[in-house]
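Q: Hi! Could you walk me through this one while we both look at it?

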Amino acid sequence: MHKEKYNLLEVREDWERDEFNIGGQHIPIAELLLRVREIHTDKVLVVCCKTGVRSARAIDIPIQNNFTTTLVNLKGGCFQ
């Protein structure tokens, strides 16, 4: 998938992103519910974390808040 066709949302902790930043929007999963309206929704949203576990859980938050954007979990995470 070309970068022009999707937005990337990283849900890792700040210290994880400080160690390795792959770009994209960053909202730690612990803050996601409070900051859900900040999520970019103009394209397909690819959600990632280190292994794919947190991002799989994180996808439920926009769904529960009636987002209509296509949501994709980066299975296996960003760093496998």
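Here is a chat that goes from the overall fold down to single contacts.

Q: Before we start, what kind of model is this, and how are residues numbered?
A: This is a predicted model, in which local features need pLDDT of at least 70, side-chain atom pairs count only at pLDDT 80 or more, and totals for chains, interfaces and linings use all residues. Residues are numbered from 1 along each chain as its sequence is written, and side-chain values use heavy atoms, with hydrogens and water left out.

Q: Thanks! How many helices and strands does the chain have?
A: The chain has 4 helices and 4 strands. These are DSSP runs numbered from the N terminus, with helices (H or I) of at least four residues and strands (E) of at least two. Read from the N terminus, the order is β-α-β-α-β-α-α-β.

Q: And how do the strands line up in the sheet?
A: The 4 strands make an open sheet in the order S2-S1-S3-S4, with parallel pairing. S2 and S4 (71-73) are at the edges with a single partner strand each, so one side of each lacks a neighbour in the sheet. Two strands count as paired if DSSP finds at least two bridges between them.

Q: How many bridges are there between each pair?
A: S1 (residues 6-10) and S3 (residues 44-48) pair over 5 bridges. S1 and S2 (residues 25-26) are joined by 2 bridges, and S3 and S4 by 3.

Q: Which residues sit across from Leu9?
A: On the S3 side, the bridge partner of Leu9 is Val47. In S2, Leu9 stands opposite Gln25.

Q: Is S1 covered or open?
A: S1 is mostly covered, with 5 of its 5 residues buried. Buried means under 20% relative accessible area, exposed means over 50%, and partly exposed is in between (1.4 Å probe, protein chains only). Tyr6, Leu8 and Glu10 point one way from S1, while Asn7 and Leu9 point the other way.

Q: What's the general rule behind that pattern?
A: In a regular strand, side chains alternate between the two faces of the sheet.

Q: How many residues of S3 are buried?
A: In S3, 4 of its 5 residues are buried, and this strand too is mostly covered.

Q: Switching to the core: which residues touch the most other members?
A: In the largest nonpolar core, which has 15 residues, they are Leu9, Val11, Leu32, Ile39, Leu45, Val47 and Ala58. H2 (29-32) and S3 are the elements that give two or more residues to this core. A nonpolar core here is a set of buried Ala, Val, Leu, Ile, Met, Phe, Trp, Tyr and Cys residues joined through side-chain atoms within 4.5 Å.

Q: What does Ala58 touch?
A: Leaving out residues up to four places away in sequence, Ala58 touches Val11, Ile29, Leu32 and Val47. Contact means heavy atoms within 4.5 Å.

Q: I'm looking at Ser55 now. Where is that?
A: Ser55 is in helix H3 (residues 53-58), and at 0% relative accessibility this serine counts as buried.

Q: Which side chain does Ser55 make a polar contact with?
A: The side chains of Ser55 and Asn73 are joined by a polar contact of 2.3 Å. A polar contact is a pair of N or O atoms within 3.5 Å; within protein, one must be able to donate a hydrogen and the other to accept it, and residues adjacent in sequence count only if both atoms are side-chain atoms. Not counting residues up to four places away in sequence, Ser55 touches several residues, including Val11, Val47 and Leu74.

Q: Last one: how much of the chain is buried?
A: Of the 80 residues, 41% count as buried. The C-alpha atoms fill a box of roughly 30 × 30 × 20 Å along the principal axes.
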